[in-house]
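Here is a quick tour for anyone meeting this structure for the first time. Have a look at it, then read on.

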Amino acid sequence: MKIRLENVVKTFDTFRAVHGVSLDIGSGELVALLGPSGSGKTTILRMVAGLEYSDGGHIYFGDQDATDIPVRDRGVGFVFQHYALFPHMTIGENIAFGMKVSKLKRSTEEIEARVKDLLRLVKLDGLQDRFPAQISGGQRQRVALARALAVDPKVLLLDEPFGALDANVRRDLRRWLREIHAELGITTLFVTHDQEEALDLADRVVILNGGQIVQEGTPEQVCRQPNSAFVMRFLGDTNSLKTTVANGKAQLPAGEIDAPGCPDGPAEVFVRPGDLDWASDGAGIPADVHQVLDRPGNRRILAATVQGDTLEFDVAPETVVKAGDRGMVRIIRAKVFAAG
Amino acid sequence: MRRNVLPGLRLSLGVTLFYVGLIVVLPLAALVFKAASLGPADYWAIVSSPRAVATYRVTVLCALAATVFNLFFGLALAWVLTRYRFPGWRFVDALVDLPFALPTAVAGIALTALFSANGWFGAALAPLGIKVAYTPLGIMIAMIFTSLPFIVRTVQPVLEDLDPALEEAAQSLGGSDWTIFRKVILPLLKPALLAGLSLSFARSLGEFGAIIFIAGNKPFETEITALLIFIRLEEYDYQAAAAIASVLLITAFSMLALTNFMQARALRYTARG
């Protein structure tokens with residue numbers, strides 16, 4: 001099922017949560033809404049679900065205008081951040097709930113068989129008689145997904161699905177959700193504030209800030225061609241150096257950097273920690289090492305340039321460097337955006 | 001006793017147990033002791049006398065009816081107070097506690113004045129052939145009035161803490177409002193409803209001040225057990241008073257035990273394991 005958002009607006013009592021968002025989601029696509037808190041991503045998801053009515057614009061499911069269809073008739077599966085499992089029902093009863101209350105009448109055997117199938121799909125066979133309080137967070141989240149899938153939704157919506165889980169469980173569930181999506185091919189939209197989760201999981205990432213879409217594209221597009229300082233900063237660690245742009249070139253002490261499309265005037269150069277090179281002498285920006293942080297895959301150097309900018313960058317684990325050393329930093333790759 | 005990090009355990013436990021013993025257990029024990037000083041035959045003769053049995057019937061039936069009424073009305077009131085904000089909300093919320101705060105005799109006099117044959121309500125109901133004052137109906141209304149806060153105040157906090165996502169989840173799964181209320185909200189309120197119900201019933205059983213003004217107190221018809229105890233006391237028949245009181249005590253205890261048991265069953269799902 002294709003989903004189209006057309007200039008959707010939502011205002012809460014005093015502030016505007018969503019300022020005219022338009023978005024096309026292809027049938028079977030797995031799309032992440034990524035943004036910091038307050039960026040309106042959850043509000044958008046809730047409007048798609050029908051848990052919130054939009055104040056303007058339209059939401060289409062396929063060719064049907066779904067803007068005013070109430071949630072119970074919209075045919076969406078919604079997975080809540082804190083699972084929202086019915087605590088007084090067993091896992092089996094939770095999953096069967098949607099089938100039992102549906103207008104479409106199913107026989108008891110049919111429902112039981114479907115519950116079994118879904119439990120197998122989410123790898124929780126044999127747990128149907130437990131209560132939600134008796135299983136782990138990761139298991140609860142999988143039950144919540146099974147419950148949402150039980151009613152054959154046209155669209156699957158997940159609100160920070162792994163937000164409340166610890167890192168390892170999160171990584172496992174991510175892989176597992178990808179597999180389920182590949183198996184079922186259901187159009188899926190999920191909200192997250194975790195860039196890694198969005199980039200790992202989604203076919204397409206929609207980055208939001210202040211109730212507006214800042215950039216959308218495949219993980220490759222948004223990582224390689226960030227369109228703004230915000231996206232650059234939000235997607236990962238970055239260093240920024242103040243600079244001025246003249247004739248499409250950013251001027252730095254170590255030389256010029258191409259700044260395509262950047263207007264002349266004050267600007268910032270953004271460099272990822274992996275895109276800086278360190279040498280004890282040679283060409284580059286002179287810098288003093290303040291601290292060396294050892295990590296499993298590399299050593300991270302915190303250094304200050306003579307101009308006073310702080311730089312963070314990673315070097316190979318065998319590099320010999322300690323606090324107080326002076327050396328040269330060379331920029332391998334950088335993005336330049338006009339100073340906001 | 002296991003060592004505890006928090007200080008003052010022994011002292012606070014000692015004071016608490018002493019206080020509970022002095023204020024709660026001792027009087028009840030004295031009551032049982034007094035009643036037990038009668039022989040079994042005398043005890044039985046007193047508690048099963050036709051007049052006493054008539055008071056049990058009136059008291060228990062009226063208390064049950066009042067509790068059932070408050071169950072529905074109290075739930076509705078708690079629902080409205082939690083789910084909606086309207087002008088005067090604060091006032092209504094405060095009014096709920098009034099039956100707690102008001103001396104019950106005041107309530108009794110007010111209700112009697114309203115429902116007597118020439119009172120506002122009494123005069124309006126008389127042409128319909130409904131008599132409230134000096135009938136069991138009056139006893140029920142007095143009980144409803146005095147035990148109203150229990151259900152409201154036990155259900156309200158639970159309703160307030162109910163995660164809205166539960167209802168949203170049920171909606172997204174296609175549940176109608178009525179289905180969601182019946183299958184999701186009501187089962188989660190059940191323990192609180194049971195707690196409120198047992199308190200409300202126990203209070204109704206023992207209510208005295210509010211009832212005696214409106215009841216008429218006709219033996220075998222509108223005489224409540226608490227009044228019969230009082231009458232026996234006035235006759236200096238302490239043993240009979242204690243015997244009849246012990247019946248009320250046992251009834252209230254049984255009700256508490258039953259609802260506690262049902263509450264534990266209703267909360268089974270919270271057990272980890």
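How many helices and strands does chain A have? Chain A has nine helices and 20 strands, where helices (H or I, at least four residues) and strands (E, at least two) are DSSP runs numbered from the N terminus.

Keep in mind that this is a predicted model: local features need pLDDT of at least 70 and side-chain atom pairs count only at pLDDT 80 or more, while totals for chains, interfaces and linings use all residues. Residues are numbered from 1 along each chain as its sequence is written, and chains are lettered from A and ligands numbered from 1 in the order in which they are written.

Here are some values for chain A.

| Property of chain A | Value |
|---|---|
| Span of the C-alpha trace along its principal axes | about 80 × 45 × 35 Å |
| Buried share of the 340 residues | 41% |
| Share joining residues at least 24 apart, among contacts between residues at least 6 apart in sequence | 65% |

A residue is buried if 20 or more other C-beta atoms lie within 10 Å of its own, exposed if 12 or fewer, and partly exposed in between, with C-beta atoms placed from the backbone. Two residues are in contact if those C-beta atoms lie within 7 Å.

Now zoom in on Val315(A), part of strand 18 (residues 310-315). Val315(A) counts as buried because it has 20 C-beta neighbours inside 10 Å. Leaving out residues up to four places away in sequence, Val315(A) touches Trp278(A), Asn298(A), Arg299(A), Ile301(A) and Val321(A).

As for confidence, the predictor gives the complex an ipTM of 0.87 and a pTM of 0.85.
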